Amino acid sequence: MKGREVLIALWPISGRQSILKQVTQECELCVLARLTEWLYEDELVVVVLCESCGVPMVVLREHEIELGEESRQRVLGTLTEVAGTYYGKMEFYIDEHMRQIPDHLHFHARPKAVPWWQYRNAGDLS
Ligand SMILES: [Zn+2]
Ligand SMILES: [Zn+2]
(Lines give C-alpha, C1' and ligand atoms only; values in the text may rest on other atoms or scores of the structure.)
(Ligands and ions follow the chains in the order given, each with its own letter.)
Protein backbone atom coordinates (compact mmCIF):
# COMPACT_ATOMS: atom_id res chain seq x y z
CA MET A 1 0.00 0.00 0.00
CA LYS A 2 1.51 3.24 -1.13
CA GLY A 3 0.35 6.66 -0.14
CA ARG A 4 1.01 10.17 -1.20
CA GLU A 5 3.81 12.14 0.34
CA VAL A 6 2.39 15.47 1.40
CA LEU A 7 4.06 18.37 3.10
CA ILE A 8 2.39 19.79 6.15
CA ALA A 9 3.46 22.82 8.11
CA LEU A 10 3.78 22.50 11.84
CA TRP A 11 3.72 25.67 13.90
CA PRO A 12 5.60 25.27 17.16
CA ILE A 13 4.17 27.46 19.91
CA SER A 14 7.37 29.29 20.66
CA GLY A 15 9.13 29.13 17.32
CA ARG A 16 8.94 31.64 14.53
CA GLN A 17 9.43 29.25 11.68
CA SER A 18 7.16 26.61 10.48
CA ILE A 19 8.64 23.16 10.25
CA LEU A 20 7.84 21.27 7.12
CA LYS A 21 7.25 17.67 7.72
CA GLN A 22 6.64 14.87 5.29
CA VAL A 23 3.74 12.66 6.12
CA THR A 24 2.23 9.85 4.17
CA GLN A 25 -1.41 10.15 3.43
CA GLU A 26 -3.22 7.12 2.19
CA CYS A 27 -4.31 7.45 -1.41
CA GLU A 28 -8.09 7.85 -1.81
CA LEU A 29 -8.21 5.60 -4.83
CA CYS A 30 -6.36 2.80 -3.05
CA VAL A 31 -8.94 3.02 -0.29
CA LEU A 32 -11.76 3.18 -2.81
CA ALA A 33 -10.50 0.11 -4.66
CA ARG A 34 -10.78 -1.83 -1.40
CA LEU A 35 -13.98 -0.53 0.14
CA THR A 36 -16.53 0.60 -2.40
CA GLU A 37 -19.13 -1.56 -4.01
CA TRP A 38 -17.85 -2.68 -7.36
CA LEU A 39 -19.64 -2.80 -10.67
CA TYR A 40 -16.87 -5.02 -11.98
CA GLU A 41 -13.56 -6.47 -10.90
CA ASP A 42 -10.70 -8.48 -12.34
CA GLU A 43 -7.06 -8.92 -11.38
CA LEU A 44 -6.02 -5.63 -13.02
CA VAL A 45 -8.80 -3.17 -12.18
CA VAL A 46 -12.03 -2.52 -10.35
CA VAL A 47 -14.90 -0.41 -11.70
CA VAL A 48 -16.73 1.60 -9.07
CA LEU A 49 -19.22 4.43 -8.99
CA CYS A 50 -17.17 7.54 -8.35
CA GLU A 51 -18.23 9.04 -5.05
CA SER A 52 -17.93 12.63 -6.21
CA CYS A 53 -19.27 12.29 -9.76
CA GLY A 54 -21.73 9.42 -9.45
CA VAL A 55 -20.50 7.85 -12.70
CA PRO A 56 -18.65 4.59 -13.44
CA MET A 57 -14.92 4.92 -12.91
CA VAL A 58 -12.22 2.35 -13.56
CA VAL A 59 -9.42 2.24 -10.99
CA LEU A 60 -6.20 0.28 -11.25
CA ARG A 61 -5.74 -2.08 -8.33
CA GLU A 62 -2.13 -1.03 -7.98
CA HIS A 63 -1.04 2.48 -7.10
CA GLU A 64 0.40 3.10 -10.56
CA ILE A 65 0.11 5.65 -13.31
CA GLU A 66 2.40 4.19 -15.96
CA LEU A 67 0.76 1.48 -17.93
CA GLY A 68 1.85 -0.28 -21.11
CA GLU A 69 -0.24 0.45 -24.19
CA GLU A 70 -1.71 -3.03 -24.16
CA SER A 71 -2.88 -2.81 -20.54
CA ARG A 72 -4.14 0.69 -21.13
CA GLN A 73 -6.30 -0.48 -24.00
CA ARG A 74 -7.56 -3.30 -21.85
CA VAL A 75 -8.47 -0.90 -19.03
CA LEU A 76 -10.30 1.38 -21.48
CA GLY A 77 -12.06 -1.62 -23.00
CA THR A 78 -13.21 -2.82 -19.58
CA LEU A 79 -14.60 0.58 -18.66
CA THR A 80 -16.36 0.94 -22.04
CA GLU A 81 -18.02 -2.42 -21.55
CA VAL A 82 -19.09 -1.89 -17.94
CA ALA A 83 -20.28 1.66 -18.64
CA GLY A 84 -22.20 0.42 -21.68
CA THR A 85 -24.18 -1.92 -19.45
CA TYR A 86 -24.60 0.77 -16.82
CA TYR A 87 -25.85 3.53 -19.11
CA GLY A 88 -27.92 1.36 -21.43
CA LYS A 89 -28.97 3.51 -24.37
CA MET A 90 -27.48 6.69 -23.03
CA GLU A 91 -24.34 7.82 -24.86
CA PHE A 92 -21.19 8.30 -22.84
CA TYR A 93 -17.54 9.07 -23.35
CA ILE A 94 -14.35 8.09 -21.58
CA ASP A 95 -12.76 10.91 -19.65
CA GLU A 96 -9.04 10.28 -19.21
CA HIS A 97 -8.39 13.45 -17.24
CA MET A 98 -7.17 12.74 -13.74
CA ARG A 99 -7.89 15.96 -11.98
CA GLN A 100 -7.52 15.23 -8.32
CA ILE A 101 -5.25 12.25 -8.07
CA PRO A 102 -2.71 12.40 -10.89
CA ASP A 103 -0.54 9.50 -9.74
CA HIS A 104 -3.03 6.66 -9.57
CA LEU A 105 -4.59 5.69 -12.86
CA HIS A 106 -8.37 6.07 -13.12
CA PHE A 107 -10.74 6.97 -15.95
CA HIS A 108 -14.36 8.11 -15.74
CA ALA A 109 -17.16 7.18 -18.12
CA ARG A 110 -19.36 10.27 -18.36
CA PRO A 111 -22.72 10.80 -20.06
CA LYS A 112 -22.54 12.92 -23.22
CA ALA A 113 -25.91 14.56 -22.71
CA VAL A 114 -25.05 16.31 -19.47
CA PRO A 115 -21.92 18.28 -18.52
CA TRP A 116 -20.08 16.19 -15.96
CA TRP A 117 -20.32 18.77 -13.21
CA GLN A 118 -24.11 18.79 -13.53
CA TYR A 119 -24.67 15.09 -13.86
CA ARG A 120 -24.96 14.38 -10.20
CA ASN A 121 -27.98 16.62 -9.81
CA ALA A 122 -29.63 15.68 -13.05
CA GLY A 123 -31.44 12.66 -11.68
CA ASP A 124 -32.21 9.52 -13.59
CA LEU A 125 -31.83 10.12 -17.29
CA SER A 126 -32.20 6.64 -18.66
ZN1 LIG B 1 -15.20 11.34 -10.18
ZN1 LIG C 1 -3.43 4.90 -4.95
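**The core and what packs around it**

A: The largest nonpolar core has 20 residues, and those with the most contacts inside it are Val45, Val47, Met57, Val58, Val59 and Leu79. A nonpolar core here is a set of buried Ala, Val, Leu, Ile, Met, Phe, Trp, Tyr and Cys residues joined through C-beta atoms within 7 Å. Buried means 20 or more other C-beta atoms within 10 Å of the residue's own, exposed means 12 or fewer, and partly exposed is in between, with C-beta atoms placed from the backbone. Two or more residues of this core come from each of α1, β4, β5, α2 and β7. Those labels are DSSP runs numbered from the N terminus: helices are H or I, at least four residues, and strands are E, at least two.

Before going further, a word on ground rules. This is a predicted model, so local features need pLDDT of at least 70 and side-chain atom pairs count only at pLDDT 80 or more, while totals for chains, interfaces and linings use all residues. Residues are numbered from 1 along each chain as its sequence is written, with chains lettered from A and ligands numbered from 1 in the order in which they are written.

For context, the chain has 3 helices and 7 strands, in the pattern β-β-α-β-β-β-α-β-β-α along the sequence. Buried residues account for 20% of its 126 residues.

Now the sheet. It is open and antiparallel, with 5 strands in the order β3-β4-β5-β7-β6, where two strands count as paired if DSSP finds at least two bridges between them. β3 (38-41) and β6 (92-95) stand at the edges with a single partner strand each, so one side of each has no neighbour in the sheet. From one strand to the next, the twist averages 20 degrees; axes are lines fitted to C-alpha atoms, for helices over the stretch in contact, and angles run from 0 to 180 degrees between N-to-C directions.

β5 (56-60) deserves a slow look. Since 5 of its 5 residues are buried, β5 is largely enclosed by the rest of the structure.

On one flank, β5 pairs antiparallel with β4 over 5 bridges, with Val47 opposite Val58. The two strands make a hairpin with 6 residues between them, and Gly54 in the turn has a positive phi of about 70 degrees. On the other flank, 3 bridges join β5 to β7, again antiparallel, and Met57 has His108 as its bridge partner there. Met57 is also in contact with Val47, Val48, Cys50, His106, Phe107 and His108, leaving aside neighbours within four places in sequence; contact means C-beta atoms, placed from the backbone, within 7 Å.

Next, the helices. α1 lies across β4, β5 and β7 (106-111), running at about 105 degrees to β5. Helix α2 (residues 69-87) packs on the sheet too, touching β3, β4, β5, β6 and β7, with its direction at about 155 degrees to that of β5.

In α1 (residues 28-35), the buried residues are Leu29, Cys30, Leu32 and Ala33. Seen down the axis, they fall within an arc of 160 degrees, so they line one face of the helix; the arc is that of the directions from the helix axis to the C-beta atoms. Val31, Arg34 and Leu35 are exposed on the face turned away from that buried side.

α2 spans 26 Å over its 19 residues, first C-alpha to last, close to the 27 Å expected at 1.5 Å a residue (the expected span being 1.5 Å times one less than the number of residues). Its buried residues are Val75, Leu79, Val82 and Ala83. The face turned away carries the exposed Glu69, Glu70, Gln73, Gly77 and Thr85. Just after α2, Gly88 takes a positive phi of about 65 degrees.

One last stop is His63, in the loop between β5 and α2. His63 is partly exposed, with 18 other C-beta atoms within 10 Å. His63 and Cys30 are 33 residues apart in sequence but 6.7 Å apart in space, C-alpha to C-alpha.

Note on methods:
Contact = placed C-beta atoms within 7 Å.
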